[in-house]
Amino acid sequence: MTLIALLVFLLGVCSTRATPVASCTKPKGVEFITEDDAAKASTESGASGTITTMQVRNLLDGTTLGNPLPFLFLPLVDTLIAELVSAFETPIQFRVALYQGNAVYNVAAMFHPFALDIWGLAITYAFAYSAMVLIPSITEPLTFIMDNVLNLPMSNLLDESPPDIGTPWGLARATVDDMTEYSKSDGWNADGSLANDFNKMPFGDFDYMEYSRYKAKDSLGSLNATALKEKVCGQDGGERTTWNWEPLLETDYRGYFSKQEHVTPFAGFTGRLYGLTVEEYESFAIAPPEYNYCQEADFVLSETREAATDDQKKAEVEAYDSKFTSLLPMQINWSIATGVSSFEFWYMDMALVTAMYDATMLVWREKVVHDAVRPTTVVHALKGDEEVTTYAGPYEGSKTIRASDWQPFIRTMPHAEYPSGSSCICTAYAETLQALTGSDDTGIPASMGGARWILQDGTRPDPRGGREELCTGLASLVVDRAKMLRNGEATGALADRGDESIVVKSRQSVVGRDIPDVVDDNEDNNEDDNEDVPDDVPNDEDDNNVEVPKKKRKGSKKSKNGTPTPTPSKKSKKGTASKF
């Protein structure tokens with residue numbers, strides 16, 4: 001991912017692949033382009049693809065564009081984020097961010113004295129190319145920006161076949177292509193081939209080993225309001241019943257209606273981990289919610305009534321609805337304000353997108369396990385035609401309406417309510433940057449998207465009080481490995497490039513509660529082909545050890561034709577993605 005690394009490449013900054021040495025050592029297969037070489041090539045060959053050091057310097061100091069560019073990639077950001085947010089659901093957004101952020105770091109690490117990239121490779125030109133590979137629809141606008149704004153011809157990369165890794169663009173293409181190939185087996189069904197041989201639907205649900213595709217449970221909504229309140233509100237001293245997620249009816253306001261499908265329910269079970277072992281991941285879990293749904297219905301109607309006439313609150317909701325238009329720009333603002341180097345920026349970005357990706361997988365697993373109903377369903381079912389004063393819709397403000405007409409200020413996303421994805425992802429974001437910067441204070445005014453990474457007392461209150469603890473501590477595990485990479489320690493690798501298996505993840509019980517897994521053990525398989533998880537593992541939310549039922553776990557490898565075939569996952573360096 002990056003034009004910044006291109007600048008470093010052109011300036012001839014020296015690096016080694018593992019440990020620092022006093023002399024300059026170029027990476028294997030890479031011929032550095034010095035300033036004199038570039039100038040000579042430009043004047044003597046007249047090649048249209050030649051890029052000089054002065055050309056890049058003029059972009060940075062403002063000679064070319066009128067304003068200086070703190071980082072060369074900035075002109076590309078808006079196009080990428082706009083398409084990412086508008087075209088993909090939340091979990092897929094973080095998958096894209098993971099692969100692009102790690103590609104960028106690979107570039108920066110190649111030109112750092114001793115940092116290692118996530119696989120021991122490095123690339124340049126990767127911001128533009130990885131974005132085009134991950135989101136093909138933005139190829140044309142990014143190519144235009146590269147060619148006409150930054151004067152960094154994409155034809156160098158796109159037209160070169162086979163790629164010459166001795167050039168920045170050739171190295172970018174070869175490495176991103178390799179990363180793209182690895183991503184095909186990451187358990188996200190990105191091309192739809194895990195579910196269908198033909199007419200494939202990317203990111204569709206599928207059955208795989210112990211994981212069974214998600215099915216919506218029987219609805220409580222068929223009960224009348226009185227009977228329903230007895231079930232879900234604990235009235236008359238009765239015990240509250242779990243209320244499962246129900247798909248909502250949506251419209252494009254042009255005559256087309258559709259029922260929601262739970263987005264990527266498999267992600268938390270079959271997705272590949274980066275920066276966490278399977279055992280570490282499985283140790284995180286959260287207890288079921290204890291909602292009184294009658295109280296929750298009143299609460300959400302009250303909150304939206306207040307927001308209906310509060311423009312600031314509505315603006316905040318819109319701004320933070322997408323983490324890519326709120327949290328990530330905060331990181332960029334902080335980096336510019338503090339003057340960090342391009343390597344430090346991408347180093348932090350690598351750790352950040354990896355922690356947020358793992359947090360997304362974790363919270364998605366818990367969403368499917370708890371399968372909690374959304375507020376829209378609750379309000380409509382419990383209150384029906386009852387008149388309520390609340391938010392009445394766009395440009396309507398607060399009015400008295402039928403409860404069955406109520407809709408929230410922003411779209412109700414197609415996944416279960418609990419736990420909060422935003423809380424978990426924001427926790428990972430805050431803890432990552434706090435660990436990397438060594439401070440809780442961003443030094444940026446709140447009006448510029450700054451203030452603090454974490455509240456002063458270290459807590460993150462949710463709207464109902466309490467703390468979001470599911471993802472607490474997850475980021476520190478990722479940051480520890482990121483620091484190893486930065487120091488040139490191969491043991492910090494975020495993934496095993498040689499392992500293309502899909503490992504189905506389980507989960508552990510929460511203290512005092514027996515929470516069943518969504519995945520079932522397959523008792524028909526031979527015991528020798530399976531791996532036992534230790535019985536006693538410390539739980540992240542309690543200092544005590546918890547009793548963890550033994551689970552079977554199997555992986556898969558790709559056959560020669562690229563089709564995943566079941567194989568046992570062994571505890572060895574080559575046999576499981578959880579070994580780094």
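Asn-199 is found in the loop between helix α9 (residues 168–183) and helix α10 (225–232). This is a predicted model, in which local features need pLDDT of at least 70, side-chain atom pairs count only at pLDDT 80 or more, and totals for chains, interfaces and linings use all residues. Residues are numbered from 1 along each chain as its sequence is written, and side-chain values use heavy atoms, with hydrogens and water left out. Helices (H or I, at least four residues) and strands (E, at least two) are DSSP runs, numbered from the N terminus.

- Asn-199 has a positive phi, near 50°, in a residue other than glycine.
- Asn-199 is exposed, because its relative accessible area is 72%. Exposed means over 50% relative accessible area, buried under 20%, and partly exposed in between (1.4 Å probe, protein chains only).
- Met-209 lies in the loop between α9 and α10. Its phi is also positive, near 50°.
- With a relative accessible area of 31%, Met-209 is partly exposed.

**Nonpolar cores**
- A nonpolar core is a set of buried Ala, Val, Leu, Ile, Met, Phe, Trp, Tyr and Cys residues joined through side-chain atoms within 4.5 Å.
- The largest nonpolar core has 106 residues. Among the members that touch the most others are Phe-73, Tyr-125, Tyr-347 and Met-356.
- Helix α16 (residues 342–370) gives this core its largest share, 19 residues.
- Domain 1 (67–183) and domain 2 (222–442 + 471–492) each supply at least three residues of this core. The domain bounds come from an automatic or database domain assignment.
- Met-356 touches Phe-94, Leu-327, Leu-328, Ile-425, Ala-428 and Tyr-429, not counting residues up to four places away in sequence. Contact means heavy atoms within 4.5 Å.
- A second, separate core has 18 residues, including Val-232, Leu-301, Val-379 and Trp-406.

**Helices α4 and α7**
- Helix α4 (residues 74–87) packs with helix α7 (residues 139–149) at an angle of about 170°, and their axes are 10 Å apart. Axes are lines fitted to C-alpha atoms, for helices over the stretch in contact, and angles run from 0 to 180 degrees between N-to-C directions.
- That angle makes α4 roughly antiparallel to α7, a term for angles over 145 degrees.
- From α4, the contact uses Pro-75, Leu-76 and Thr-79. From α7, it uses Pro-141, Leu-142, Ile-145 and Met-146.
- By class, this contact has six nonpolar, one polar and no charged residues. Ala, Val, Leu, Ile, Met, Phe, Trp, Tyr, Cys and Pro count as nonpolar, Asp, Glu, Lys and Arg as charged, and the others, Gly among them, as polar.
- Leu-76 is buried, with a relative accessible area of 0%.
- The C-alpha atoms of Leu-76 and Val-149 are separated by 9.8 Å, though the two are 73 residues apart along the chain.

**Helix α17**
- Thr-377 sits in helix α17 (residues 375–383). It counts as buried because its relative accessibility is 9%.
- Thr-377 touches Trp-243, Glu-246 and Leu-248, not counting residues up to four places away in sequence.
- Buried residues of α17 include Thr-376, Val-378, Leu-382 and Lys-383.
- The buried residues of α17 pack against α10 (225–232), α13 (293–308) and β3 (387–391).
- Gly-384 follows α17 and has a positive phi, near 50°.

**A cis peptide bond**
- The peptide bond from Tyr-418 to Pro-419 is cis, with omega near -5°.
- Pro-419 lies in the loop between β4 (398–402) and α18 (421–437).

Methods:
Parallel < 35°, antiparallel > 145°, perpendicular 65-115°, else oblique.
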